[in-house]
Amino acid sequence: MSVANMLLESNTIKALATWQPIEEVSPREVVATLELRFAQAFGPEQVHIAQLENSESGLSSYDLYFVTPVERRFGNTEGVAIYLSSFIRVAALGMMSGYFSPQGCSYAGIRPEDVATSSEHDALLLRTSINAVRESNYHLLTKDEALSRLPSGVVPYEYCFGPEPWDRVFHVLYSNTD
């Protein structure tokens, strides 16, 4: 069964909402592909990839990477947010802003309605990110999938960044805990 079809299955959504793995994932594989594709598209060391969330900490159900040109990696900047689920090979991408410094960062993340597809944007940074994610055999979450309502009685494990209600497929794929 394809990942897209699995996302429509009530049992899959229920498992994801309780942080149960559906399949083995490999975020490092995606990052390696991103690094290679950015070097080809922009030149060596011209793009900065920062990890903002790490599922290995046990505090989030996803890894979050922020991609921006090296010359704009500090201060107020815009780049591509890449969300990689820890429990199923599904990625969500979107444009994101934030403030970044060597001491830390502040960012709002993306909401389900911010999920981007290659047909919506022709920015090389986003297009390269989308192609690298697809090349890594991750399903690219569509805006329609991200905005799909959760089945009755299903809620995210804990909280999500962004405004409530947390009632979309996006929220069970990318949630947080204390």
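Modeller: Helices are DSSP runs of H or I with at least four residues, strands are runs of E with at least two, and both are numbered from the N terminus. This is a predicted model, where local features need pLDDT of at least 70 and side-chain atom pairs pLDDT 80 or more, while totals for chains, interfaces and linings use all residues. Residues are numbered from 1 along each chain, and side-chain values use heavy atoms, without hydrogens or water.

Biologist: Where does R168 lie?

Modeller: R168 is in the loop between α5 (143–147) and α6 (169–173). The chain has 6 helices and 6 strands in total.

Biologist: What makes the pair R168 and D167 a polar contact?

Modeller: Their side chains are 3.1 Å apart. The limit is 3.5 Å between N or O atoms, one able to donate a hydrogen and the other to accept it; neighbours in sequence count only if both atoms are side-chain atoms. The pair therefore qualifies.

Biologist: Which residues does R168 touch beyond four places away in sequence?

Modeller: R168 touches P112, A146, L147, S148, R149 and L150, contact being heavy atoms within 4.5 Å.

Biologist: How do you know whether the chain agrees with a compact globule?

Modeller: The radius of gyration, over C-alpha atoms, is 16 Å, and the rule (2.2 Å times the number of residues to the power 0.38) gives near 16 Å for 178 residues, so the two agree.

Biologist: What share of the chain is called buried?

Modeller: Buried residues make up 49% of the 178, the cut-off being under 20% relative accessible area with a 1.4 Å probe, protein chains only.

Technical notes. Buried means under 20% relative accessible area, exposed over 50%, partly exposed in between (1.4 Å probe, protein chains only).
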